[in-house]
Amino acid sequence: MKLAASNILESNNVKTAIIIRGREGSIIFEDGKEETEIPAYGNEVVDVCGAGDAYSAAYCLSALSEATAHESGTIASHTAGIAVSKPG
């Protein structure tokens, strides 16, 4: 996974790549830094529809508010956990 993320960072000229792994959480790769693993949050899964969108939106908003990658990932993971706890 680390090699794939490294290739994504280099070939797309981006500074951050995130692999979202559902109930296994996510891994955040930043150019020149150690990877950051974020656990999945939430207990009850009702519907996974929109979980990735919720994660992405929360991560972007947090990052734009100058949160660290770990802080942004944690907020995003909690947001996705809330999203999957409700139908639709």
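This is a predicted model: local features need pLDDT of at least 70, side-chain atom pairs count only at pLDDT 80 or more; totals for chains, interfaces and linings use all residues.
View 1. A pair of aromatic rings is described by the distance of the centres and the angle of the planes. A search of the whole structure turns up one aromatic pair. Tyr 55 and Tyr 59 make that pair, with ring centres 6.5 Å apart and planes at 5 degrees, and the pair counts as stacked.

View 2. Strand β1 covers residues 16–20, and strand β2 covers residues 26–30. The two run antiparallel and are joined by five bridges. Thr 16 faces Glu 30 of β2 across the pairing. Five residues lie between the strands of this hairpin. Gly 22 takes a positive phi there, near 60 degrees.

View 3. The loop between β1 and β2 holds Arg 23. Is Arg 23 buried or exposed? Its relative accessibility is 82%, so Arg 23 counts as exposed. Along the chain, Arg 23 and Asn 7 are 16 residues apart. Their C-alpha atoms are separated by 25 Å.

**View 4. The largest pocket draws on helices α2 and α3.** Rolling a probe the size of a water molecule over the atoms shows where empty space is left. The largest pocket holds about 390 Å³ of space. Two elements give two or more residues to its lining: α2, residues 51–64, and α3, residues 69–84. Which element gives the most to the lining of the largest pocket? Helix α3 does, with four residues. In total, 20 residues line the largest pocket. Those nearest its centre are Gly 22, Arg 23, Ala 40, Tyr 41 and Val 84. By class, the lining has eleven nonpolar residues, eight polar and one charged.

View 5. A disulfide is a covalent bond between the sulfur atoms of two cysteines. How many disulfides does the structure hold? The count is zero. For Cys 60, in turn, the closest cysteine sulfur is in Cys 49. Cys 60 has 45% relative accessibility, so this residue counts as partly exposed.

**View 6. Asn 13 has a positive phi.** Most residues other than glycine have a negative phi, and most peptide bonds are trans. Asn 13 is not a glycine, yet its phi is positive, near 55 degrees. Asn 13 is found in the loop between α1, residues 2–12, and β1. With 72% relative accessibility, Asn 13 counts as exposed.

**View 7. Glu 66 has a positive phi between two helices.** Where does Glu 66 lie? Glu 66 is in the loop between α2 and α3. Its phi is positive, about 70 degrees, although Glu 66 is not a glycine. The relative accessible area of Glu 66 is 74%, and the residue is therefore exposed.

Note on methods. Residues are numbered from 1 along each chain as its sequence is written. Side-chain values use heavy atoms; hydrogens and water are left out. On a 1 Å grid over the protein atoms alone, a cavity is a set of points where a 1.4 Å probe fits but cannot get out, and a pocket is an open set with protein on both sides within 12 Å along at least five of seven lines; lining residues have an atom within 4 Å of a point. Grid points are joined across faces, edges and corners, and a volume is the space filled by probe spheres set on the points. Ala, Val, Leu, Ile, Met, Phe, Trp, Tyr, Cys and Pro count as nonpolar, Asp, Glu, Lys and Arg as charged, and the others, Gly among them, as polar. A disulfide is a pair of cysteine sulfur atoms within 2.5 Å. Buried means under 20% relative accessible area, exposed over 50%, partly exposed in between (1.4 Å probe, protein chains only). Two strands pair if DSSP finds at least two bridges between them. Rings of Phe, Tyr and Trp (its six-membered ring) pair if their centres lie within 6.5 Å; planes under 30 degrees apart count as stacked, over 60 as edge-to-face and the rest as tilted.
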